[in-house]
Amino acid sequence: MTELLWSPSAPSQPLLRVSGIQKRYGQQVALHEASFELWPGEVLAVVGESGSGKTTLLNAVAARSRPDAGRVEFDVRDAGLQDVYAMSEAQQRLLARTDWGFVHQHAADGLRMDVSAGANVGERLMGLGHRHYGRLRATATDWLQRVEIDPARIDDTPRTFSGGMRQRLQIARNLVTQPRLVFMDEPTSGLDVSVQARLLDLLRQLTRHMQLAVIIVTHDLAVARLLAHRMMVMQRGRVVEQGLTDQVLDDPQHPYTQLLVSSVLQP
Amino acid sequence: MSFAMTSPVLTLSGVAKRFTLHHQHGAVLPVFDRVDLTVAPGECVVLDGPSGMGKSTLLKLIHANYRASAGHIVVRTAGGAELDVTQATPRELVALRRHTIGYVSQFLRVIPRVSALDVVAEPLAEDAGGEPLAMESAREQARAWLARLRIPERLWPLPPATFSGGEQQRVNIARNLIKPKPLLLLDEPTASLDAANTQTVIDLIREARERGAALVGIFHDAQVGEAVATRRVPVASFRSAA
């Protein structure tokens, strides 16, 4: 059915394929048989309340916490779909530094708080062997502007930044290598509403312009509506409903999704 | 006329819709029992009936905001293939909306911080892929649409969040008609417009018909419906027998 995706650049295979991944902590099943595919440029929101397994899912897919069962395959450049847990640690690290990004809820977990903003942005490039100081600084300046941070702050450490600025710096640090897949764990929670709107708009623009595939974990249905093409609803470690974002929010089928949607004001 | 011009753009067959409310003791609200409807290029089907009869629900089923409980909704895509929206993957539906189905809802879903000009240009800008000439062409067309729908030029650089209801509705119309798509769904597009803008929307609908688009619309104003319809369909005929 690929001809239906009437687009000159329609990709022919998924970027990511997750098959039956499971995770237990002792007797507790934290994640029960999750399977999905993600295609280039697709934004998938994973929603559900705390403890529903959404962060467990994110960490298992992002090769941060090995699942007890199932497979996670990623379309490695020039090599096709590869099992990420069959890769060597060096290969995983390279992937995490180049084609993947990970945006943490708390910017302090994703930034080096005691080095300059410019060095935070340049670090992934240096890890890839870029050494030309002038070019690294120019790239960092460009990225600070793209995430709306005054380039005059390039030599300041993130400790001197507001929460919203730190989060934007974390995004720049991840996107500088032009990744194809970015994981985001509640990137807007903990920010003031006005700061959230700015970050959301920025994320929306960047994901579209860069054709990024994104898996974003959020408990905020309005965030899902604005950013995501697709949604996955989790409850007690299970995916209870998934589909087109509008469909899940406008015509929820599962009792839990109905409860979730009816509990908020106009998602 | 070629086959492509006359074969239907939209075919609903045996479509049923009921809502199950799990938190209202599993109450089931039946809306449609059986919808059979085909719409050909150049047709404008106007849905008739009092409010609460499911006119908007029918548009939302076609646009896949709602899932059909039974039946098939087949759309001939801009690429010429057929897609059953009741069976399609989210990825296929996203592509279908981008290239094939335009949907003018009653309210603009506002995007924070994006200017009216860029809100309107976005469907074309998405296809431009960042190419500067194509981006400028998208903005140029957006300016023409905003001017035609009488949005004052001083508002173009501002986000529509603070605009009046009528202004937002006109931005919404421009955004959803700027890219000529084969199938247009219109949910009361003239509800808060003055006479001059209502006439402009009537002209736009006729132009879409003339270029071969298929349209399905709901109009609160009987005169507007009269002016654009090639066929009228009472939704009561699709209702579950009470």
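These legends walk you through several close-up views of a predicted model.

**View 1. Chain A as a whole.**
Let's start with the overall picture of chain A, which contains 10 helices and 10 strands. Its radius of gyration is 19 Å, close to the 18 Å that the globule rule gives for 267 residues, so chain A is as compact as a globular protein of that length.

**View 2. The largest nonpolar core.**
Now look inside, where the largest nonpolar core has 136 residues. Which residues have the most contacts inside this core? They are Val46(A), Leu227(A) and Val120(B). Helix H4 of chain B, residues 116–128, gives the core its largest share, six residues.

**View 3. The surroundings of Leu227(A).**
Here we zoom in on Leu227(A), one of the residues with the most contacts inside the largest nonpolar core. Leaving aside residues up to four places away in sequence, Leu227(A) touches Val43(A), Ala45(A), Leu200(A), Leu203(A), Arg204(A), Thr207(A) and Ile216(A).

Which residues of H7(B) are buried? They are Asn197(B), Val201(B), Leu204(B), Ile205(B) and Ala208(B). Seen down the axis of H7(B), these buried residues fall within an arc of 100 degrees, so they line one face of the helix. On the other side of H7(B), you can find Ala195(B), Ala196(B), Glu207(B) and Glu210(B), which are exposed.

**View 4. Where chain A meets chain B.**
In this view the two chains touch, with 24 residues from chain A and 24 residues from chain B taking part. On the chain A side, at least two residues each come from helix H7 (193–210), strand S10 (238–244), helix H9 (245–250) and helix H10 (255–262). H7(A) supplies the largest share of that side, five residues. Sorted by class, the chain A side has 10 nonpolar, six polar and eight charged residues.

**View 5. Two residues with a positive phi.**
Most residues other than glycine have a negative phi. Ala63(A) is not a glycine, yet its phi is positive, about 60 degrees. Look for Ala63(A) in the loop between helix H1 (54–61) and strand S4 (69–76) of chain A. Is Ala63(A) buried or exposed? Ala63(A) counts as buried because it has 22 C-beta neighbours inside 10 Å. In chain B, Glu188(B) has a positive phi of about 50 degrees, although it is not a glycine. Glu188(B) sits in the loop between S7 and H7 of chain B. With 20 other C-beta atoms within 10 Å, Glu188(B) is buried.

Conventions: Residues numbered from 1 in each chain as written. Chains lettered and ligands numbered in written order. Predicted model: local features only at pLDDT ≥ 70, side-chain atom pairs only at ≥ 80, totals over all residues. Buried ≥ 20, exposed ≤ 12 C-beta atoms within 10 Å, placed from the backbone. Helix = DSSP H or I, 4+ residues; strand = E, 2+ residues; numbered from the N terminus. Arc of directions from axis to C-beta. Contact = placed C-beta atoms within 7 Å. Nonpolar A, V, L, I, M, F, W, Y, C, P; charged D, E, K, R; others polar. Core = buried A, V, L, I, M, F, W, Y, C linked by C-beta atoms within 7 Å. Rg over C-alpha atoms; globule rule 2.2 N^0.38 Å.
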